[in-house]
Amino acid sequence: AVMRSGQPGAVLLIDLDGFKAINDLHGHEAGDLLLVQVAQRLQAELREIDTVARLGGDEFVVIFDELGGDSTQISSQARAVAEKIRAALAQPFCLSDDDATKAVACSASIGVAMFTRQGPGALDAMRLADQAMYEAKHAGGNQVKMV
């Protein structure tokens with residue numbers, strides 16, 4: 001699915017900040033519900049041709065295919081969408097259990113890397129986005145880092 005058109009795109013790696021604490025405090029069912037809501041928020045911010053998948057645990061990958069323009073415009077588009085995703089995930093999540101509904105905060109660290117036909121391929125971009133995501137997490141989370 002990546003680079004179907006041969007046009008440039010971007011890879012976003014998203015890691016939830018504080019997910020383990022939420023899972024431990026509220027239980028695995030609440031954690032699963034949170035992951036479902038994260039996936040729904042991601043889908044709401046994306047185009048039909050974009051791809052979103054859960055890599056496991058609390059990590060997600062988003063692939064933007066067919067981004068138009070030069071490298072500066074593509075980078076700008078990817079950053080804008082990554083910031084929209086960051087903002088959407090920073091909003092409180094409503095988790096229900098048998099007793100009550102809880103509002104839970106859970107932000108995200110996001111790494112972004114571009115791929116092109118001439119430059120890094122999608123696999124290289126995944127590795128670069130992973131490094132950028134860890135930089136975002138180590139810098140305190142709830143932010144976007146681009147490489």
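Which residue in β6 is the bridge partner of D15?

Analyst: The partner is S109. Keep in mind that this is a predicted model.

Start with the two strands involved. β1 and β6 (residues 108–115) pair over eight bridges, in the antiparallel sense. In general, strands of a sheet pair through backbone hydrogen bonds, either parallel or antiparallel.

Now widen the view to the sheet. It is open and has five strands. Their order is β2-β3-β1-β6-β7, and the pairing is mixed. β2 (51–56) and β7 (143–146) stand at the edges. Each has a single partner strand, so one side of each has no neighbour in the sheet. From one strand to the next, the twist averages 20°.

Next come the helices on the sheet. α3 packs on it and touches β1, β3 (59–64), β6 and β7. The direction of α3 makes about 160° with that of β6. Helix α4 (residues 122–138) lies across β1, β3, β6 and β7. It runs at about 150° to β6.

Helix α3 (residues 71–90) also packs with helix α2 (residues 28–45). The angle between them is about 145°, and their axes are 10 Å apart. The crossing of α2 past α3 is right-handed. On the α2 side, the contact is made by V38, R41, L42 and E45. On the α3 side, V81, K84, I85, A88 and L89 take part. By class, this contact has six nonpolar and three charged residues, with no polar ones.

Go back to the sheet and pick out I63. This residue is found in strand β3. I63 has a relative accessible area of 14%; it counts as buried because that value is under 20%. I63 and L12 are 51 residues apart in sequence. In space, they are 6.4 Å apart, C-alpha to C-alpha.

Finish with D17. D17 sits in the loop between β1 (9–16) and α1 (19–26). D17 is also buried, because its relative accessible area of 13% is under 20%. Leaving out residues up to four places away in sequence, D17 touches C106, S107, A108, S109, K137, G141 and N142. With K137, the side chain of D17 makes a polar contact of 2.7 Å.

Technical notes. Residues numbered from 1 in each chain as written. Predicted model: local features only at pLDDT ≥ 70, side-chain atom pairs only at ≥ 80, totals over all residues. Heavy atoms only, no water. Axes fitted to C-alpha atoms, helices over the stretch in contact; angles between N-to-C directions. Helix = DSSP H or I, 4+ residues; strand = E, 2+ residues; numbered from the N terminus. Left-handed = near helix turned anticlockwise from the far one by under 90°. Contact = heavy atoms within 4.5 Å. Nonpolar A, V, L, I, M, F, W, Y, C, P; charged D, E, K, R; others polar. Buried < 20%, exposed > 50% of the residue type's maximum accessible area, 1.4 Å probe, protein only. Polar contact = N/O pair within 3.5 Å; in protein donor to acceptor, adjacent residues only side chain to side chain. Pairing = 2+ DSSP bridges.
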